[in-house]
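User: I am new to this structure. Please walk me through it in short steps.

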Amino acid sequence: MNSHCNILIMCLFTNYFPQPPAKYLTEEQVNASTEVYDKTNSIQRKLLTLTLATVDRTFANLVTYLKEKDMYDNTLIVVASDNGGCSNEMGSSYPLRGQKYTMFEGGLRVNAFVTGGYLPESTRGRSLDCMFHNVDWLPTLVAGAVGADPEALGPLDGVNHWDDLVMGMDATPQCYRDEMIHTIEVGVEAPTYVKGESSGSAIDSLRAGLRMGDYKLVYGEQLSGWWSDVEYSPTECYGAATTIFVPYGYVFNIAEDFTERTNLMDMVDDTILSKLWQR
């Protein structure tokens, strides 16, 4: 099955949203973008809707071409994002907390899917509810699409999920990843000087995020709220990682509270908290 597999990875970068050519849009898509504008009062959001509609049409044309050239059955298509939405670019991570550059789920939890004729029919239409990191794509595709042993590539941070991707509809996933480091940053907040006098000494600060099983530790992150389904804040998301670190932390049970509304730092079992800190 793994011979002559074509791997197609779709990447979409939309910083600016010009009006797409009318030939790529249907009347239904144009009407949908108008509904978005009526709901959000945002021309950028309307143009983003039209841009994505254009991508959808282009994607359909590509699939048609692959089928006409008898290439579709040997093609695996991966569509994935790298981070959550950015509010000042009219992105949205609703109903999650936080956005791009934060360690809350709104900056980390994204959509992804795998399709194509190379994917077994028995697994199509199924969702996979497992922890998956972007670095996992390399060993997963090497194992499944190339048919090689990922360990031959040398030490990797990624985990091979291929067996879970192609398992049958009623099978139970193994969920090969059980932890994930979001970031570890140690910064120094320098003292400020006014007329040659120091306002204080330099302070070491820590910003870190870790997921272990159902639990997630976030420390030193900037304050972040939750997304609305209709409102889009103009707040600048770039540079958020350089915001002065907040000297306290959060613990969330992501399995039960993926919108991160309940901080368990003072309630979680000491054994769990100790494991998170030790890791």
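Analyst: Contact means heavy atoms within 4.5 Å. This is a predicted model, where local features need pLDDT of at least 70, side-chain atom pairs count only at pLDDT 80 or more, and totals for chains, interfaces and linings use all residues. Residues are numbered from 1 along each chain as its sequence is written, and side-chain values use heavy atoms, with hydrogens and water left out.

User: Among contacts between residues at least 6 apart in sequence, what percentage join residues at least 24 apart?

Analyst: Take the contacts in the protein between residues at least 6 apart in sequence. The share of them that joins residues at least 24 apart is 68%.

User: How many helices and strands does the protein have?

Analyst: Helices (H or I, at least four residues) and strands (E, at least two) are DSSP runs, numbered from the N terminus. The protein has nine strands, and its helices number six.

User: Which cysteine is joined to Cys130 by a disulfide?

Analyst: A disulfide is counted when a pair of cysteine sulfur atoms lies within 2.5 Å. By this rule there is one disulfide. Its S to S distance is 1.9 Å, and the partner of Cys130 is Cys175.

User: How many residues apart are Cys130 and Cys175?

Analyst: Cys130 sits in the loop between β3 (112-115) and α4 (137-146). Cys175 sits in the loop between α5 (162-165) and β4 (179-189). The pair links distant parts of the chain, and the separation is 45 residues.

User: Is Cys130 buried or exposed?

Analyst: Buried means under 20% relative accessible area, exposed over 50%, partly exposed in between (1.4 Å probe, protein chains only). Cys175 has 28%, so Cys175 is partly exposed. Cys130 has a relative accessible area of 18%, so Cys130 is buried.

User: Beyond neighbours within four places in sequence, which residues are in contact with Cys130?

Analyst: Set aside the neighbours within four places in sequence. The residues in contact with Cys130 are then Asp164, Pro173 and Cys175.

User: What distance separates the end C-alpha atoms of helix α1?

Analyst: Helix α1 covers residues 27-40, which is 14 residues. The expected span is 1.5 Å times one less than the number of residues. That gives 20 Å for α1, and the end C-alpha atoms agree, being apart by 20 Å.

User: Which residues of α1 are buried, and what arc do they cover?

Analyst: The buried residues of α1 are Gln29, Ser33 and Thr40. The arc is that of the directions from the helix axis to the C-beta atoms. These residues lie on the same side of α1, because their arc around the axis is only 40°.
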